Amino acid sequence: MAVPVPFECHIADEAVDALRTRLALTRFPDAPPGSTWEYGASLGTMQRIKEYWQHEFDWRAQEARLNSYEQASVAIDGIGVHYLKVQGKRAIGAPEPMPLLLVHGWPGSVFEFLDIIDRLTDPARFGGDPADAFTVIAPSLPGFTFSFAPHQPRCGVEEMASMLTRLMTEQLGYERFGAQGGDWGSFVVSRMASESPELFTGIHLNMMPLRRDKSWLQNPTPEQRRYADELDVFLREETGYQWIQGTRPQTLAFALNDSPLGLAAWMTEKFQRWTDCNEVPDTAISIDTMLANISLYWFTECIGSSFWPYYARHHRAWPIDLTHPIEVPTGYCEFPREILRPPRSLAEQVYPDIRRWSVMPAGGHFAAMEQPEALASEVQQFFHDLRHMDQLDDLSVPVLDELKRA
């Protein structure tokens with residue numbers, strides 16, 4: 001079995017300088033008169049982002065922020081899987097903090113979690129219950145950023161789930177843990193829970209990964225009809241990127257691996273469309289956090305590999321087995337600007353043990369970056385009772401009998 005090795009991010013000065021040089025040589029397209037975001041990335045917004053990225057953005061500050069957390073990398077199935085491991089603060093008299101796997105999606109990275117990790121590992125610092133502390137494990141998805149190397153095998157949800165299960169069990173030695181995910185992270189976490197439910201105290205999702213068809217429409221309820229209309233708009237207007245990334249990922253990779261502003265435009269459109277931002281993406285996510293995430297894709301040259309879950313999704317069966325409901329206790333929080341918001345009646349067909357379903361007042365798809373306080377609170381509240389039950393399960397029979405008598 002491979003041994004984890006410590007990891008720190010150090011991008012060469014030459015690479016940072018080369019990025020600024022390429023940005024200085026940007027050749028902008030024109031745009032239809034009066035257009036903003038109707039046809040894709042806004043020319044005015046991208047001109048502003050380019051200027052900031054070239055002249056003001058401080059990559060070293062973002063790199064130092066990432067390196068303030070313990071990181072490691074370990075070889076699993078021929079891929080060096082990078083991860084953050086941040087030990088929770090143990091309260092006096094309390095059990096060890098629960099292990100919690102945080103899984104990002106596309107076009108995300110571990111930068112998504114830097115505003116939420118401290119809230120989860122040290123809740124008392126933010127006015128929370130110290131007994132709700134987690135030890136956070138946040139991997140870079142296999143094939144993404146620091147878990148990518150040129151010419152390595154490509155990964156769909158199935159391979160990612162298998163590797164992250166092995167990371168948590170074989171490499172880190174956890175027998176039980178919780179998991180949280182959005183975007184592809186919600187697929188990966190669900191796949192893991194479907195395959196190995198005995199490992200999970202519970203799973204928490206901020207995107208519900210249900211099949212995007214209408215086979216359930218025979219006698220729809222009003223809320224199911226609302227979702228059907230939402231799904232129609234999504235499939236008609238919002239899936240172009242999925243078809244390109246899912247059918248010709250390599251062709252697109254040539255363009256985005258060669259043009260930093262092209263890469264930024266491709267990603268910034270998603271930050272605009274999927275956040276609660278009123279058309280200005282950096283009102284929902286700071287421009288520095290957005291550019292840290294985009295820069296990480298640029299420096300690691302992983303964009304082609306990061307498309308692969310879409311290719312696998314288009315050429316394989318749905319990655320979550322719908323014939324076997326996921327029996328693991330499940331929590332979900334629906335943010336108003338999430339890509340799709342299926343009703344609970346449909347979600348319960350796949351996740352029959354939903355313990356917490358929260359509708360949030362603000363936020364969107366990138367919840368950990370947009371609403372870190374709200375998401376952290378939801379995760380803590382969902383796992384609060386579940387971790388107590390796990391602790392009881394760990395007690396010996398005589399102790400349980402004593403507790404019952406008390």
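**View 1. The open sheet of nine strands.** Nine strands make up an open sheet of mixed pairing, in the order β1-β2-β3-β5-β4-β6-β7-β8-β9. Strands are DSSP runs of E with at least two residues, helices are runs of H or I with at least four, and both are numbered from the N terminus. Two strands count as paired if DSSP finds at least two bridges between them. The edge positions belong to β1 (5–6) and β9 (354–359); each has a single partner strand, so one side of each lacks a neighbour in the sheet. The model is predicted: local features need pLDDT of at least 70, side-chain atom pairs count only at pLDDT 80 or more, and totals for chains, interfaces and linings use all residues. Residues are numbered from 1 along each chain as its sequence is written, and side-chain values use heavy atoms, with hydrogens and water left out.

**View 2. Strand β3 and its two partners.** Strand β3 (residues 79–86) is mostly covered, six of its eight residues being buried. Buried denotes a relative accessible area under 20%, exposed one over 50%, and partly exposed a value in between (1.4 Å probe, protein chains only). Strand β2 (residues 71–76) runs antiparallel to β3 and is joined to β3 by six bridges, with G80 of β3 as the bridge partner of A75. These two strands, β2 and β3, form a hairpin with two residues between them, and D77 in the turn has a positive phi of about 55 degrees. Strand β5 (residues 134–139) is also antiparallel to β3, through four bridges; here L84 has A138 in β5 as its bridge partner.

**View 3. Strands β7 and β8, with helix α6 across the sheet.** Strand β7 (residues 200–205) pairs with strand β8 (residues 330–334) in the parallel sense over three bridges. H204 has G331 in β8 as its bridge partner. Helix α6 (residues 184–195) lies across β4 (98–103), β6 (177–181) and β7, and runs at about 155 degrees to β7. The axes are lines fitted to C-alpha atoms, for helices over the stretch in contact, and angles run from 0 to 180 degrees between N-to-C directions.

**View 4. The R22–D258 salt bridge.** The closest N and O atoms of R22 and D258 are 3.3 Å apart, and the two residues form a salt bridge. Because R22 belongs to helix α1 (residues 13–24) and D258 to helix α9 (residues 249–258), the pair ties together parts that are 236 residues apart in sequence. A salt bridge is a side-chain nitrogen of Lys or Arg within 4 Å of a carboxyl oxygen of Asp or Glu. R22 counts as partly exposed at 36% relative accessibility, as does D258 at 47%.

**View 5. Further salt bridges.** The count of salt bridges comes to 24. One of them joins R236 to E237, with the closest N and O atoms 3.6 Å apart; R236 is exposed at 57% relative accessible area, and E237 is exposed at 53%. Another brings together the side chains of R355 and D353 at 2.7 Å, N to O. A network of salt bridges links R226, E230, E334 and R341.

**View 6. Helix α7 and its packing.** Helix α7 (residues 222–237) has 16 residues and reaches 23 Å from its first C-alpha to its last, close to the 22 Å expected at 1.5 Å a residue. The expected span of a helix is 1.5 Å times one less than its number of residues. Its buried residues are Q224, Y227, A228, E230, L231 and F234, and they pack against α8 (240–247) and α14 (344–350).

**View 7. The covered helix α10.** Of the 14 residues of α10, 12 are buried; among them are P260, W266, M267, E269 and K270. The end C-alpha atoms of α10 (residues 260–273) are 20 Å apart, which agrees with the 20 Å that its 14 residues should span.

**View 8. The largest nonpolar core.** This core has 123 residues, and those with the most contacts inside it are W106 and Y351. Helix α11 (residues 287–300) supplies its largest share, nine residues. A nonpolar core is a set of buried Ala, Val, Leu, Ile, Met, Phe, Trp, Tyr and Cys residues joined through side-chain atoms within 4.5 Å.

View 9. Q380 is placed in helix α16 (residues 372–394) and counts as buried at 13% relative accessibility. Apart from neighbours within four places in sequence, Q380 is in contact (heavy atoms within 4.5 Å) with R119, L120, P123, D132 and F134.
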